[in-house]
Amino acid sequence: MLAASPGVAQEVGSVDPKPLPPLARPDDPGTPAKELFGRATEPADLSARAIGFYSRGCLAGAKALPVNGETWQVMRISRNRFWGHPNLIRFLESLSARAPEEAGWPGILVGDMSQPRGGPMITGHASHQIGLDADIWLTPMPDRNLSRREREEMSATNMVRPDGLEVDRSVWGPGQLAIIRAAARDPAVERIFVNAAIKKALCREANGDRSWLNKVRPYYGHNYHFHVRIACPDGADLCKDQDPVPPGEGCDESLAYWFRPGVLHPRPNPNAKPRPPLTLSSLPTECRQVLISD
């Protein structure tokens, strides 16, 4: 699981966010981990470590991406999800610096990364837990500083037609392809998730060296942004990488699968039971120290 719905990343924030109320029983073993990590407002004062798996872990020694950079701006500041492992920060700074030349954009707009101590989030994502995931809007950064209200309330552009079969040609263009390609070519990147219609467009429009297409994988949602996942840092024995992606460009039957009617427009299962939320005991044992550390 990567995102709850196509538009979840576009939910508005607040220019005057209020702190979450204290938990009545924070030490209860049954307390969802998302409630604990969602209340941590500062990083753990520990050495930087990505701990666990992308959808079941935490983050020690997180670094914040400054909300304003020469070639990037952070969106939805009120969520306090602009934290990551130092490797992720370096990647975003590097990618944004290449955006003017690669895509002809002034820079990039950065959506959700991780919480100050990683871990499960109260809303929006099942991954983004270990500081190695970032959402990058498919809307170019404007050549001015956005206001705080704009950062909280403006929406990225939906790049996919309502029928889900193709990109919307009125908004999709060479810049979107170029910024995804630039990210995929970075050796630090393990995977990039996009809507299947966007993957189809990339397969159709990419020229020259197409090997980077291998890293770009279709998944539900991701109409407005692409999700970059970088690999575990070298020597990070507590960090668990994903299995390698299958060989090839991913432009064959594996892509056609996403356009089957039952996959493109899945019907909710009325008998499905919600998964129980992760608790602290569900995460690596080191996450307890990350949570309680000063």
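A disulfide, in the sense used here, is a pair of cysteine sulfur atoms within 2.5 Å. The structure is a predicted model, in which local features need pLDDT of at least 70, side-chain atom pairs count only at pLDDT 80 or more, and totals for chains, interfaces and linings use all residues. Residues are numbered from 1 along each chain as its sequence is written, and side-chain values use heavy atoms, with hydrogens and water left out.

Searching the whole structure turns up three disulfides. One of them links cysteine 232 to cysteine 239, with the sulfurs 2.0 Å apart. Its torsion about the S-S bond is -75°, and the link is left-handed.

Another disulfide connects cysteine 58 and cysteine 287, with an S to S distance of 2.1 Å. This link is left-handed too, with -95° about the S-S bond. Cysteine 58 sits in strand E2 (residues 56-60) and cysteine 287 in helix H8 (residues 286-292), so this pair ties together parts of the protein that are 229 residues apart in sequence. Helices (H or I, at least four residues) and strands (E, at least two) are DSSP runs, numbered from the N terminus. Cysteine 58 is buried, at 0% relative accessibility, and cysteine 287 is buried with a relative accessible area of 0%.

Then there is the bond between cysteine 203 and cysteine 251, with S to S at 2.0 Å. The torsion about its S-S bond is about -85°, so this disulfide is left-handed. Cysteine 203 belongs to helix H5, while cysteine 251 is in the loop between strand E11 (225-230) and H6, so the pair ties together parts that are 48 residues apart in sequence. How well covered are the two ends? Cysteine 203 counts as buried because its relative accessibility is 12%, whereas cysteine 251, at 29%, is partly exposed. With the bonded cysteines of the protein numbered in sequence order, the pairing reads 1-6, 2-5, 3-4.

At the start of H5, a side-chain oxygen of asparagine 195 comes to within 2.8 Å of the backbone nitrogen of alanine 197.

Helix H4 is mostly covered as well, as ten of its eleven residues are buried. Among them are Gly175, Gln176, Leu177 and Arg181. The buried residues of H4 pack against helix H2 (86-103), strand E7 (108-110), E9, H5, E10 and E11. Contact here means heavy atoms within 4.5 Å.

In the loop between H4 and E9 comes aspartate 186. Is aspartate 186 buried or exposed? At 13% relative accessibility, this residue counts as buried. Its side chain reaches the backbone nitrogen of alanine 188 at 2.9 Å. Leaving out residues up to four places away in sequence, aspartate 186 touches Phe91, Arg98 and Lys215.

Aspartate 45 has its place in the loop between helix H1 (33-37) and strand E1 (49-53). This aspartate is exposed, with a relative accessible area of 66%. Apart from residues up to four places away in sequence, aspartate 45 touches Ser293 and Asp294. The C-alpha atoms of aspartate 45 and glycine 173, which are 128 residues apart along the chain, are separated by 43 Å.

Finally, the open spaces. The second largest pocket has a volume of about 600 Å³. Of the 23 residues that line this pocket, Lys18, Leu20, Gly38, Ser78 and Arg79 are the closest to its centre. A pocket is an open set of points on a 1 Å grid over the protein atoms alone, with protein on both sides within 12 Å along at least five of seven lines, and lining residues have an atom within 4 Å of a point. The lining divides into nine nonpolar, nine polar and five charged residues.

How values were computed:
A polar contact is a pair of N or O atoms within 3.5 Å; within protein, one must be able to donate a hydrogen and the other to accept it, and residues adjacent in sequence count only if both atoms are side-chain atoms. Buried means under 20% relative accessible area, exposed over 50%, partly exposed in between (1.4 Å probe, protein chains only). On a 1 Å grid over the protein atoms alone, a cavity is a set of points where a 1.4 Å probe fits but cannot get out, and a pocket is an open set with protein on both sides within 12 Å along at least five of seven lines; lining residues have an atom within 4 Å of a point. Grid points are joined across faces, edges and corners, and a volume is the space filled by probe spheres set on the points. Ala, Val, Leu, Ile, Met, Phe, Trp, Tyr, Cys and Pro count as nonpolar, Asp, Glu, Lys and Arg as charged, and the others, Gly among them, as polar.
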